[in-house]
Amino acid sequence: MVCRSLRRAILISSAAVATVHVVAAANISPLAAKPRWQTLERYQQTITRDEFTRLLQNVYATRDYGDLIEVGADSARIREDREADTFFTLRFAQERPHKLPSQYWRRIEQLGAAPEAKPLARLHVALDPGHIGGKWAKTEERWFQVGDGPPVEEADIALHVAKILAPKLRALGAEVTFVRSRNRPTTPKRPDDFREIARAILAKSGINNPSNSYENGADENKEKSIRWQSELLFYRQSEIRYRARRVNEVLQPDLVLCLHFNAEAWGDPKNPTLIDRNHFHVLINGSYLPEEIEHDDERYEMVRRLLSRTCEEELPLADKMAATFARETGLPPYEYTTDTVAKIGSSGYVYARNLLATRVFRCPVVYFEPYVMNSNEAFARIQAGDYEGTREINGVQRPSIFREYAGAVADGLAEYCRDIRTEGHVPSRP
Ligand SMILES: [Zn+2]
């Protein structure tokens, strides 16, 4: 679940952090490191002007990037540092280069032919079940309970899906690792470690005597408290940044699948609103907002991601996996009502969006957001738990929601890989 109000708060927070010197260098988003532009030197003359402009306009900076990037005839001049007025010059290739700089992940087509039964042979897939869960589920606002029934915890059910998915992918030939395999934080930090940063963020927003804590999740003033801001820095920023270290430095997979369940505003977690809408969408990195591109670190990550061509792998993969998922689950596409995304691809289910995980995991990332947990349909299926075969749920025979999710992800990835790796295989069409 990507909650809109949280997202807005982070945007406010990151803008606020910009001028607070105790927090980080100027114009850097929360807990980010100062960008190292010199690491992009290896991408000199690895992209043509046409391709750079196409990716910038259609995928990454779909709105505006002001004077931060100036595209010339032979090179692009990219502002490195908003305050120091320094620039990175990227020289374009004259023709499409045959070889790209090496990176830790491999494109699926580079893995060579694979037998029909093992289409994922030699592919390393890392599974990233969303959120932390356990004792943090309520803090993360990924918990609700109807009456005396078992509570719905996104982190827990996402992990359950990952544990069903892993053996399916292994049976198809993949190497599978977990970015998170328990309901425990990856980051060694805790909310209290961020109290000073939280205080600085609030001060920048004009809140100079913030309350230490808040009453409960329904407290309207919670966002103005040190506790809420510290918690956000813990589970939203620090946790994802530590997961990124694990992905980029330890696991180094060819692909990360982020597994979430979606939800719409449910109000009081002890008396949640259940709704009739159920839907599905998939996210890949892109569509940076102008205020995000303003941040030196986000602009750097955006350009790095563009140059590493993750999108060439992510987009067709996401499109294929989304089409298969939609076919198997019958879920309609989610239509965003905010302008934080750009619809992309041909399935109707894929959006580009700049989430921290899709930005800082430096390999192709496909981010799943199926099922509205607080829809009547998904809620009943989650309450039914995991089971073999089908059961009648609200008058319809249904498989377990966890097995349906895992099965649809595995089938989509297998179909994609068979299409490009299995000789004589007739590509399936969505
Ligand atoms: Zn989520």
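Predicted model: local features only at pLDDT ≥ 70, side-chain atom pairs only at ≥ 80, totals over all residues.
1. Residues are numbered from 1 along each chain as its sequence is written, and side-chain values use heavy atoms, with hydrogens and water left out.

2. Have a look at Tyr-60 and Tyr-288, whose ring centres are 6.3 Å apart with planes at 55°, so this pair is tilted. The two residues are 228 apart in the chain: Tyr-60 sits in helix H2 (residues 49-60), and Tyr-288 in the loop between E9 and helix H6 (290-293). Helices (H or I, at least four residues) and strands (E, at least two) are DSSP runs, numbered from the N terminus. Tyr-60 has a relative accessible area of 0% and is buried; Tyr-288 is buried too, again at 0%. Buried here means under 20% relative accessible area, exposed over 50%, and partly exposed in between (1.4 Å probe, protein chains only).

3. Phe-261 and Tyr-371 give a stacked pair, at 5.8 Å centre to centre and 25° between the planes. Both Phe-261 and Tyr-371 are buried. Ring pairs also link these two with Phe-280, Phe-325, Tyr-349, Phe-368 and Tyr-405 into a cluster.

4. On to the sheet: 7 strands form an open sheet with mixed pairing, in the order E7-E4-E8-E12-E9-E11-E10. Two strands pair if DSSP finds at least two bridges between them. Strands E7 (175-178) and E10 (342-343) are at the edges with a single partner strand each, so one side of each has no neighbour in the sheet. Strands E9 (residues 280-284) and E12 (residues 365-370) run antiparallel and are joined by 4 bridges; His-281 stands opposite Glu-369 in E12.

5. Thr-177 belongs to strand E7 and counts as buried at 17% relative accessibility. Its side chain makes a polar contact of 2.8 Å with the side chain of His-124. (A polar contact is a pair of N or O atoms within 3.5 Å; within protein, one must be able to donate a hydrogen and the other to accept it, and residues adjacent in sequence count only if both atoms are side-chain atoms.)

6. Asp-128, in strand E4, is worth a look as well: at 2% relative accessibility, Asp-128 counts as buried. Beyond residues up to four places away in sequence, Asp-128 touches Val-179, Arg-243, Val-256, Leu-257, Cys-258, Leu-259 and Phe-361, contact meaning heavy atoms within 4.5 Å.

7. Finally, the nonpolar cores, each a set of buried Ala, Val, Leu, Ile, Met, Phe, Trp, Tyr and Cys residues joined through side-chain atoms within 4.5 Å. The largest has 83 residues, and Phe-52, Leu-127, Leu-169, Leu-257, Phe-368 and Leu-413 touch the most other members. Helix H11 (residues 401-421) supplies the largest share of this core, 11 residues. Another core, of 22 residues, lies apart from it and includes Cys-258, Tyr-336, Phe-361 and Val-365.

Note on methods
Phe/Tyr/Trp six-rings, centres within 6.5 Å; stacked < 30°, edge-to-face > 60°.
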